[in-house]
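Subject: The structure we talked about

Hello,

Here is the structure I promised to pass on to you. Please open it alongside this email, and my notes on what turned up will follow below.

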Protein chains: 2
Amino acid sequence: MSKVRVAAFSVSLDGFGAGPRQDLNNPLGVRGLELHAWFVSTEAFKKMHGERGGTRGIDNDVAARSFENIGAWILGRNMFGPVRGPWKDDSWQGWWGEEPPYHTSVFVLTHHARAPLPMQGGTTFYFVTDGIESALKQAKDAAAGKDVRIGGGVSTIRQYLMASLVDELQLSMAPVLLGEGEHLFNGINFPKLGFTSVERVPGELATHVTIKKG
Amino acid sequence: MSKVRVAAFSVSLDGFGAGPRQDLNNPLGVRGLELHAWFVSTEAFKKMHGERGGTRGIDNDVAARSFENIGAWILGRNMFGPVRGPWKDDSWQGWWGEEPPYHTSVFVLTHHARAPLPMQGGTTFYFVTDGIESALKQAKDAAAGKDVRIGGGVSTIRQYLMASLVDELQLSMAPVLLGEGEHLFNGINFPKLGFTSVERVPGELATHVTIKKG
């Protein structure tokens, strides 16, 4: 059955999903990249970026599976880019170059309308201004029976979680302490939201947990 | 060199070190016991309680090492028992029966004076009413060059952390979501307190991390 999933989302020991002060030089916030050390070392990641090599263990399996059976993505605006306020022009086309690693429709939550942006490799960014439920409906239609992946960032995941619209979260707990940044867990009571099952798979560089409704 | 250590302290994925509503039936708060599933299954734990059997893998190594080279313990009053306010009498002697698993001097933080309580097996509980620094000084003296272990609970560990009196924390991240309870990390910025090194050892049922100053 089609699911709404969070997958391969890295979280620090102290619960942060991104560092503070995101900008052009720190797409994941200051020190945010450290959360993803387990991911960037994998073959799956390197392949996505047209490179060879990379690790082939458990971390790689988790990375690869996070891209399987995904029919559409939803991203928060800050995950799409550092631009704030109205779009001045079409010059910002995401962090990922001409061929983003999505290869599906990607729905970007924003308060500011913008025409769809088709990229190479099958990715088209659609800018959704009428809220998270509308974005999810559009993503489910586009996914045509496959899963919808909530890519992030933290604020977007929290909004979907608190609206009870997420079926499954696969988080990758990185052995990193950030101390500040965007906190994924604060004020979120997972058991109260119905998430009572935790499966744990220790990888080489992170511990992967899958959180499901009971 | 003698260290002030937190060791084998279990924390949920969402950062709780104990469940809510501690009482006589829930010494670790509601669902708090689930945090310790990795520990209670080990041979080290069973031996402590005069039982045979138990697991002998990585979790057991971590459990056993947490008791090595400890010369004195410090506990918060709630870790010693569910009694609140002045001690009515000497009837409460801790959660652990006649022979507690400490076998050293144990300094219990409390606002209410009480005479030292010697138990079988070398444990003596001393009740310290003049603050965490005094308790640490007494514990260091008693430890005579060995380490002082801050046993918990969460509030006690947080107080010593924020006073920069802890050298090393070994936390065991359990694949459990509590949603509520006593939060270990909230408002604590580990890197700012000088803790920049994280070593990770995945065990059978929990992921053990050791947090040290850089």
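R31(A) is found in the loop of chain A that runs between strand 2 (16–18) and helix 1 (37–40). Although R31(A) is not a glycine, its phi is positive, at about 70 degrees. Most residues other than glycine have a negative phi. With a relative accessible area of 32%, R31(A) is partly exposed. Please keep in mind throughout that this is a predicted model.

N69(B), which is not a glycine, has a positive phi near 60 degrees. You will find N69(B) in the loop between helix 3 (58–65) and strand 3 of chain B. N69(B) counts as partly exposed, at 42% relative accessibility.

While you are looking at the backbone, have a look at the peptide bonds as well. Most peptide bonds are trans. The bond from G152(A) to G153(A), however, is cis, with omega near 0 degrees. G153(A) lies in the loop between strand 7 (147–152) and helix 6 (154–162) of chain A. In chain B, the peptide bond from G152(B) to G153(B) is cis, again with omega near 0 degrees, and G153(B) sits in the loop between strand 7 (147–152) and helix 6 of chain B.

Helix 6 of chain B covers residues 154–162, and its buried residues are V154(B), T156(B), I157(B), R158(B), Y160(B) and L161(B). Just after this helix, S164(B) takes a positive phi of about 55 degrees.

Now to the sheets. In chain A, nine strands form an open sheet with mixed pairing, in the order 5-6-4-3-7-1-8-11-10. Strand 5 (117–118) and strand 10 of chain A stand at the edges with a single partner strand each, so one side of each has no neighbour in the sheet. Further in, strand 4 (residues 105–109) and strand 6 (residues 124–128) of chain A pair in the parallel sense over five bridges, and F107(A) stands opposite Y126(A) in strand 6 of chain A.

Chain B has an open sheet of nine strands in the order 5-6-4-3-7-1-8-11-10, with mixed pairing. Its edges are strand 5 (117–118) and strand 10 (195–202), each of which has a single partner strand, so one side of each is left without a neighbour in the sheet. Strand 5 of chain B pairs with strand 6 of chain B in the antiparallel sense over two bridges; the bridge partner of L117(B) is F125(B) in strand 6.

Which strands flank strand 4 of chain B? Strand 3 (residues 70–76) of chain B pairs with strand 4 in the parallel sense over five bridges, with A72(B) standing opposite S105(B). Strand 6 (residues 124–128) of chain B also pairs with strand 4 in the parallel sense over five bridges, and there V108(B) has F127(B) as its bridge partner.

In a regular strand the side chains alternate between the two faces of the sheet. In strand 4 of chain B, S105(B), F107(B) and L109(B) point one way, V106(B) and V108(B) point the other way, and all are buried. Because five of the five residues of strand 4 (residues 105–109) of chain B are buried, the strand is largely enclosed by the rest of the structure.

T104(B) is in the loop between helix 4 (77–80) and strand 4 of chain B. T104(B) counts as buried, at 11% relative accessibility, and its contacts include I70(B), W73(B), G122(B) and T124(B).

In the interface, 26 residues of chain A are in contact with 26 residues of chain B. Since 100% of the interface residues of chain A are also interface residues in chain B, the copies meet through the same surface. The area buried between the chains is about 1,900 Å², and carbon and sulfur atoms give 64% of that. L13(A), L177(A) and R200(A) supply 33% of the area that chain A buries against chain B, more than any other three residues. Between the chains there are zero salt bridges and 11 residue pairs in polar contact. The largest share of the side of chain A that touches chain B, four residues, comes from strand 10 of chain A.

Best wishes

Key:
Residues numbered from 1 in each chain as written. Chains lettered and ligands numbered in written order. Predicted model: local features only at pLDDT ≥ 70, side-chain atom pairs only at ≥ 80, totals over all residues. Heavy atoms only, no water. Contact = heavy atoms within 4.5 Å. Buried < 20%, exposed > 50% of the residue type's maximum accessible area, 1.4 Å probe, protein only. Pairing = 2+ DSSP bridges. Buried area = accessible area lost by both parts, 1.4 Å probe. Salt bridge = Lys/Arg side-chain N within 4 Å of Asp/Glu carboxyl O. Polar contact = N/O pair within 3.5 Å; in protein donor to acceptor, adjacent residues only side chain to side chain. Lists of a residue's contacts leave out its neighbours within four places in sequence.
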